[in-house]
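Biologist: Can you walk me through this model? I'd like to start with a helix pair.

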Amino acid sequence: MLSRPVFPAAAFAAAIITLASTTGAAFAQKKYDTGATDTEIKIGNIMPYSGPASAYGVIGKTEAAYFNKINAEGGINGRKITFISYDDGYSPPKAVEQARKLVESDEVLLIFNPLGTPSNTAIQKYMNARKVPQLFVATGATKWNDPKDFPWTMGWQPSYQSEARIYAKYLMKEAPNARISVLYQNDDFGKDYLKGLKDGLGAKASMIIAEESYETSEPTIDNHIVKLRASGADAFISITTPKFAAQAIKKLAEIEWRPLHIVSNVSASVGSVIKPAGFENSQGVLSAAYAKDGADPQWDNDPGMKKFFAFLEKYDPEANKLDGSVVYGYGAAQTMVKVLQLCGDNLTRENVMKQAASLKNFAPDTLLPGVSINTSPTDFAPIEQLQMMRFKGEKWDLFGDIISGELSN
Amino acid sequence: MELFTNQILAGIATGAIYACMALAVVMIYQAIDHLNFAQGEMAMFSTFISWQLMQWGVPYWGAFLLTLVFSFAGGIAIERLLFKPLAKAPILTNVAGFIALFAIINSVAGLIWDFTIKQYPTPFGSSPFLGSQLISTHQAGMIGVTVLLLIALYFFFQFTRIGLAMRAAASLPESARLVGINTSWMIALGWGMAAAIGSIAGMLIAPVVFLEPNMMGGVLIYGFAAAVLGGLTSPFGAVIGGFLVGIFENLAGTYIPGVGNELKLPIALALIVTVLVVKPAGLFGRPIVKRV
Amino acid sequence: MSAVQETASDAPAVEAVPKRAMTLGTGTSLVVLALLIAAPLFVKNFVIFQMTMLLVYGLAVLALNILTGGSGQFSLGQSAFYAVGAYTSAILMEHFGMNYALTLPVAGLICFVFGFLFGQPALRLSGVYLALATFALATAMPQLLKLGYFEHWTGGVQGLVVTKPDAPFGLPISQDMWLYYFTLVITIAIYIFSVNLLKSRSGRAFMAIRDNEIAASAMGIDVALYKTLAFGVSAGITGVAGGLGAIAVQFVAPDGYTITLAISLFLGMVVGGVGWLPGSIIGSAFIIFVPNIAEGISKGLSGAVFGVILFLVIFLVPHGARQVAMVAQHMLGKLKKR
């Protein structure tokens, strides 16, 4: 133990040192949580690289390539990103295992853009209990905007319900006497959308005269279309994922049914849906967008998209730039980088969430002009704006104003 | 009443897909007494090959024929390399082998051609068939080809020497060997033919469902169900089974209130199981005699 | 056109496991047990979680072993029973506030009845037809779980979040460790029960049915009773496994109980050795860890790598881990003689 004469001196010295290190050196002070050091930031990610949703695995690949680019350009404030991405096969128990592995074994700072509503629901409680950011989750489910109950979970893309409400508003304005038929996927995506549509129509929900759900295990949805047509509807809302959206467009043309056709943003990609379905079959189809489409020639000279194409050429040449998922991955990764940059040398998990919740008018290269990311401690929905568009010729024609699909929770 | 006929017609249209696949399933069952889980993936891979050939400029029918040859050879190769060594192993081990093959083919296809859907051409066009807005010319063509295949298979098995040899090798291998039939090569031949039929099924189905690595998953289940319903020993039964499954599924979805739509597949399968309980060898299958 | 007549003196579809090779020897058993008890003390919580899942899937594979290896009935539908067990536990815990430990016997019992009832129509089916029927069950289950009618209880497509229990009596161990030991005790109990079942009269009846159903029936065995009993027992154990799995993962959703799970359990049984109960845990390790290894080797081709590894395993040891154990035993026997 310290002898008496030394003790006060030691205490005094300790006080001086503590004082010196706290005053005037706030910007030089580095604070880290597990996963961040002077030279490295570890980011975790969970994607379905196998299984029924493997089409979305390309998002993870794009993000990995983007972080490679950032590292090649010097990293974030001098730190390199180590991006660790695991496959959960779209199975919630596997997602839990991978999340625990990332947090407890790989010791990442945060988990970024994990994909799938079931997987994210499975890990949400764990992430919040552990106080590890579950940031910019790759699903449009509405429930991620809940900072009160889940302060460590934040979404990114516009929620399905807010998109559906925009369509509802459009229908009530432009086609108030429409008889609406709906084809929806029988999972969280489809049901969330349908709810948004019905909520948006409110008292006029009776405009929906026919609803058909389908399972992803069905080879084709052709017979659902036949049934919906038989209902006498003149509007058709397609709450479908790419393959089925394309089937629907094709079948509609085959049976020569021309209702007012709205397709969900998830399936609005020219390269993944419209082109295979046939341009001539897709004339007049409506949708909404928040990001630019890589297949759309109107963005060829857009500065943001030029950067995107340059990135693809150098870091991800095998990628299919017509695939909406690739554009998505780029935008999300860019947002992540922005947040980490804002953290500076304070790379605690708390600060990561704080910076993520204070984005103001941030516009990644790939979002539509006029759409930007805004968050606040009570608003955990980064992108809420969409613009409607109509397919004409070989591309989407944006029209109308940028609409906010903000929900009054 | 109109809805009823519409649903039946639509069911026949989807049923054609199942019937096609069911033929391939029955083919392999004839050869090896088992259902090959990887049948669908092999068909998908063959379809991708033909797509790739067309991307490289080969015209449709050229690609079609090349793919048939490739699939036939591929089927034989897979059997010789992967499953002949497992011939002495227990059956369940062989099934595990089929599952492994499924995983490999699916994964490789995903890597080579990625998961975005691709349009696949049809030689029959896509306009309404005979003015009907429920069946397109392509779907009519699909039914036509399936029936043709069926007839061809029937002649093959009933009237050609090789066909007869295959039947002998499958039903009574010991006796077949005694009369000089090379049973081992008969199995290989069966695999080759099943792969070729599967590739035709794939190339017919792709225009409707769009080409992508996961396109055959659902189809295979229905193909199995249809084959079992019709009787695994009867190609004719398989085709009828396919149409029946398609029709029944549609009717169930339309007329069973509440859950009919959400439980289409389980209801279809439940029907098949019920039929099996009554007629264990399927509708047109030859009953199996068990002797001690 | 294929086998117009099956001669039942042909090799049965499921081969018999010689009785003395059915379980591990006493020495080996004790070593394995010691490992299972001691291991959690030295590893991180995450690994303990993985070990818990190892036991859980091991139980499910064990159940399948009793059904297929024991009574010769082929099943691709275990995921359905697993799901029912999982949801039973989840619903009882979350909607009725039942203690987690009590939910397990309930889950087991419900699944036993369910399996027994399913076994009835399955009586007339065998081989590939039974496979299709169980396959139908497995594909139906996620869709049933999503049904609007049940949504209030099951949470529909969103699933249910389950609360993980703390160690009782305020013991100073983590939730994961407590759950692991809890699962271990249950697993050992069920394992001992299963071994005794297979050695008992019922077990012999199962195996007689497996080897030659007609002969068994001719000798007076109530084939219908024992076949449905086998289904019931197998389903019951799978249900308990499902319940434990739900508690360990803390979440149940239809997407977690698809046909992929049923196929994985089947693969686990084959790799472990059909009918060899101790192999269940090896099979379980295969289906949990090999996909991770495959992913580590190649993300884009993880499925292909897994398939290749699986092929290698079945080429080298077509009879599964049991074959490895027999070879090892044989060599040990030789050594002892020296």
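Modeller: In this predicted model, Ile17(B), Tyr18(B), Ala19(B), Met21(B), Ala22(B), Val25(B) and Val26(B) of α1(B) contact residues of α9(B), including Val219(B), Leu220(B) and Phe224(B). Contact means C-beta atoms, placed from the backbone, within 7 Å. Helices are DSSP runs (H or I, at least four residues), numbered from the N terminus.

Biologist: At what angle do α1(B) and α9(B) pack?

Modeller: About 70°, with the axes 7 Å apart. Axes are lines fitted to C-alpha atoms over the stretch in contact, and angles run from 0 to 180 degrees between N-to-C directions. So α1(B) is roughly perpendicular to α9(B) (65 to 115 degrees).

Biologist: How do the residues of that contact divide?

Modeller: 13 nonpolar, two polar and no charged. Nonpolar is Ala, Val, Leu, Ile, Met, Phe, Trp, Tyr, Cys and Pro; charged is Asp, Glu, Lys and Arg; the others, Gly among them, are polar.

Biologist: New topic. How many residues does each chain put into the contact of C with A?

Modeller: 24 from chain C and 24 from chain A. On the chain C side, α2(C) gives the largest share, five residues. That side has eight nonpolar, eleven polar and five charged residues.

Biologist: And which residues of α5(A) are buried?

Modeller: Among them are Tyr160(A), Glu163(A), Arg165(A) and Leu171(A). Buried means 20 or more other C-beta atoms within 10 Å of the residue's own, all placed from the backbone.

Biologist: What about numbering and confidence?

Modeller: Residues count from 1 along each chain as written, and chains are lettered from A and ligands numbered from 1 in written order. Local features need pLDDT of at least 70, side-chain atom pairs count only at pLDDT 80 or more, and totals for chains, interfaces and linings use all residues.

Notes: Contact = placed C-beta atoms within 7 Å. Helix = DSSP H or I, 4+ residues; strand = E, 2+ residues; numbered from the N terminus. Buried ≥ 20, exposed ≤ 12 C-beta atoms within 10 Å, placed from the backbone. Parallel < 35°, antiparallel > 145°, perpendicular 65-115°, else oblique.
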